[in-house]
Amino acid sequence: MSIKILVTDDSATDRLLISSLLQHHRILTACDGLDALRQLEAHGDIDLLVLDLHMPKLDGFAVLESLKSDERTKQLRTVILSSHDEPENEIRGLQLGAVDFIRKPIQMDALKARIDLQAELIQAQRDVEQRMQDQALTFDTIFEQAPIGIALAYGANPQDTQQSEVKINPALEKITGRRAAELVRLGWAAITHPDDLEADLALYHRLLAGEIESYSLDKRYLRPDGSIVWVYIVVAPVILSHRQRCNHICLVQDITQRKAVEQALAESVRSKSVLLSHLPGMAYRCRYDHDWTMEYVSDGCLELTGYTVSSLIGNHDMSFNDLIAPEYREILWQQWKQVLAGRKPFKYEYEIITRAGERKWVIEMGQGLFDSDGGVEALEGIILDISDRKSMERVLQFNNEHDAWTGLYNRRYLERQLKQDDQKPDPVKRALVGINLGSLQALNRVYGFHYTWDLIKRVSDTLAGFCSDGRELFSMYEHHFSFYLTGYRDHEALAGFCAAIATSLRQLLTIERIDVGIGVIELNEQNNLSAEQCFKSLLIASEHALESYDDEAVCFFDQEMEASVLREGEIKRELAQVAAGQADGQLVLQFQPILDLTTDRVCGFEALARFDSPRFGRVSPLEFIPIAEETKLIVPLGYQIIRQALQFLQTLQARGYASLHISINISAIQLLRGDFLPALERIVRETGVAPASVNLEITESILAVNYQEINSILGDLQALGMQIAIDDFGTGYSSLARERELNVNCLKIDKSFVDKLLRLSPEQAITGDIISMAHKLGHCVVAEGVEHESQRQYLKAHGCDKIQGYLISRPLDQDAALDFLGTEKRMV
């Protein structure tokens with residue numbers, strides 16, 4: 001329904017907002033009191049006046065006085081807008097039409113609801129008058145079908161309804177939740193909320209006394225179920241006809257939902273107020289100009305900037321642009337310009353300078369407000385203090401780029417530096433020098449970690465003395481440092497630098513018995529590697545240097561070393577495939593005959609592993625066995641070797657060579673595994689060979705690792721019926737005196753002792769003494785590497801039990817070994 005409304009306010013913005021909000025009505029506007037009176041004079045059909053009390057020229061009070069003096073406008077309904085506590089009784093005492101009060105700032109939803117209610121009341125009143133005039137409908141029909149609650153009272157007393165005649169329509173019954181008879185019996189005072197009753201009665205008595213023509217207010221009714229319903233009531237005298245008079249009419253509108261909305265809005269305002277008061281920064285509204293002229297600033301401005309709100313509003317003392325650090329001012333303008341062009345949200349971090357001269361990091365988040373033509377009307381947003389976060393970010397960045405113990409830049413930072421230098425158009429000579437202190441870790445077990453860390457710090461301080469322009473030191477990882485050199489003269493200068501480092505570190509580390517390996521990689525076209533590949537190559541070069549016996553070893557990484565590294569990597573990959581059972585036929589065995597010197601007959605074979613690489617061909621055991629042990633692949637590969645060797649022994653026994661034995665080399669890594677004995681026993685059982693025909697060989701050097709544990713395992717193997725031999729005897733850490741305690745059956749004299757028999761006279765050689773002492777300890781003796789008849793004769797003369805070597809036969813494939821047995825002749 002549409003009514004004609006005059007909106008009187010000196011604020012053009014408020015007039016525009018209210019007109020837009022009430023656009024479904026016919027709206028007239030006035031900018032002050034004089035303009036309002038002119039509009040009222042020109043338009044006699046205005047239904048509702050929305051009036052701001054405080055205006056220039058002629059204020060709202062004067063307008064109301066004018067309305068009172070004019071019979072035509074005296075009963076005009078009025079909505080009063082005011083930002084102050086006005087004397088409502090004084091205004092109501094003017095005896096005007098229905099007056100409603102709304103406080104500023106205006107809650108637009110609440111204003112719309114009240115205006116719409118007034119429109120409904122006006123329209124209802126208009127409909128009633130029209131219907132009565134047209135006599136198209138009877139009073140009862142209107143009364144019963146009215147969409148709002150209506151009560152007509154004849155001589156009504158709120159405390160004594162028995163002496164009054166009251167008529168209640170169905171809408172009021174629905175609103176109150178009570179039947180008409182109950183409402184008449186109780187009276188409206190009984191169902192009014194106690195907190196609202198006093199104000200309601202005061203207005204009612206003033207109405208009865210003729211002090212006011214009508215009144216309206218928001219109040220609460222109590223329903224029978226205990227719930228509360230908010231209503232907006234308008235009470236006024238009414239004359240239905242010259243024959244039928246009543247004291248007053250009460251129009252009741254259910255506004256419970258509107259009150260809930262108002263409460264929610266009030267809570268929203270409260271929440272925003274609480275949020276702004278606890279915001280670590282400030283909220284703002286500013287113009288889109290180079291000064292960022294502030295129109296609104298929250299109280300957090302003082303804590304953030306040191307300036308009061310009034311200092312910044314309208315650039316009173318200074319503009320916000322003056323607070324922005326100079327280097328960010330143009331950047332910030334361009335950032336806003338870019339986001340406003342696309343109507344996107346704004347977010348940017350920059351620094352401001354506070355009143356105390358302190359620089360603070362802030363983050364600004366905001367958006368533009370646009371007018372109907374697309375122009376930027378204002379900017380709104382928040383500016384938060386993120387100085388603590390930035391400080392934490394700096395700490396995290398430092399920790400991310402530096403080694404915690406030495407304070408040096410770390411490998412991650414060096415990697416980024418290398419990538420940046422790779423992009424430079426004019427490259428200079430560049431090199432990485434790696435310092436490897438890998439043996440330093442041994443000190444941990446002796447002196448503890450703190451001692452080692454202190455030593456690393458001293459090394460770091462010593463190396464830092466070599467830093468200069470073009471020489472930067474980095475901590476790569478534990479016990480490893482690296483210099484990044486740029487712009488050095490030539491290879492000789494680089495070598496001299498490395499020698500100086502080695503000399504300086506030797507003075508510091510010699511007393512600690514710590515070896516130093518220095519690796520160098522020159523970053524040029526020949527070594528055009530990624531940062532990760534450079535670090536790997538540098539580590540390899542430094543480890544090569546560390547493994548040398550030169551105290552000042554410096555190893556330059558080259559293509560040959562790179563090829564060696566690639567070869568090792570490929571062999572590791574192929575061995576892994578073999579260990580996983582994905583490459584049959586690459587791990588094969590050859591068998592070297594062992595001759596019994598007493599019978600001059602072959603008494604067994606030693607199983608020797610061979611690796612046939614698809615890429616490199618046959619690889620020596622001296623190369624692939626250490627790789628297998630380093631990667632722990634020796635464990636699955638060792639079980640494959642054992643199984644193949646026992647299958648060969650099974651074949652020998654099946655062909656009638658039941659007396660022959662097979663010797664198998666066992667790695668210490670495999671021997672010390674807890675599951676070795678059960679696994680070995682299972683393989684022996686599955687192949688069906690006699691345990692007594694199995695001879696396991698271990699190198700003498702592994703006894704230095706864990707003598708007691710290994711000797712106990714050897715005893716368990718002997719208990720299974722197997723024979724144990726010490727391989728390469730004489731080259732390790734054992735002694736003949738200790739051999740008495742070992743759970744072994746045989747000693748295999750190393751080839752180096754047999755070779756000396758060709759150069760020394762029988763009187764000078766100690767090989768015979770070793771054989772004699774081993775026999776006294778109850779051990780069998782086997783000599784390895786016998787290649788000449790003279791060696792065989794010496795060994796036989798001194799009581800050696802068995803020999804093997806090229807004099808008897810080279811290692812043979814399985815078929816060749818079987819043929820060898822078939823054609824074997826007695827050896828004399």
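F648, T651 and L652 of helix α24 meet Q814, A817, L818 and L821 of helix α32, where contact means heavy atoms within 4.5 Å. Sorted by type, the residues of this contact come out as five nonpolar, two polar and no charged. Here Ala, Val, Leu, Ile, Met, Phe, Trp, Tyr, Cys and Pro count as nonpolar, Asp, Glu, Lys and Arg as charged, and the others, Gly among them, as polar.

A word on the ground rules: this is a predicted model, in which local features need pLDDT of at least 70 and side-chain atom pairs count only at pLDDT 80 or more, while totals for chains, interfaces and linings use all residues. Residues are numbered from 1 along each chain as its sequence is written, and side-chain values use heavy atoms, with hydrogens and water left out.

Back to the helix pair. The axes of α24 (residues 634-654) and α32 (residues 814-823) come within 12 Å and cross at roughly 30 degrees. Axes are lines fitted to C-alpha atoms, for helices over the stretch in contact, and angles run from 0 to 180 degrees between N-to-C directions. Helices (H or I, at least four residues) and strands (E, at least two) are DSSP runs, numbered from the N terminus. The two helices α24 and α32 are therefore roughly parallel, a label for angles under 35 degrees. Their crossing is right-handed, meaning that the near helix is turned clockwise from the far one by less than a right angle.

Helix α24 also holds I634. With a relative accessibility of 6%, I634 counts as buried, the cut-off being under 20% relative accessible area with a 1.4 Å probe, protein chains only. Leaving aside residues up to four places away in sequence, I634 touches I625, A628, E629, S667, I669 and Q670. Its C-alpha atom is 8.4 Å from that of A579, 55 residues apart along the chain.

Now for the sheet. Five strands form an open sheet in the order β2-β1-β3-β4-β5, with parallel pairing; two strands pair if DSSP finds at least two bridges between them. The edges are β2 (26-30) and β5 (99-103), each pairing on one side only. From one strand to the next, the twist averages 20 degrees. Strand β1 (residues 4-8) runs parallel to β2, joined by five bridges, and T8 stands opposite A30 in β2.

| Helix | Strands it lies across | Angle to β2 |
|---|---|---|
| α1 (residues 12-21) | β1, β2 and β4 (77-82) | about 170 degrees |
| α2 (residues 33-42) | β1 and β2 | about 140 degrees |

Technical notes. Parallel < 35°, antiparallel > 145°, perpendicular 65-115°, else oblique. Buried < 20%, exposed > 50% of the residue type's maximum accessible area, 1.4 Å probe, protein only.
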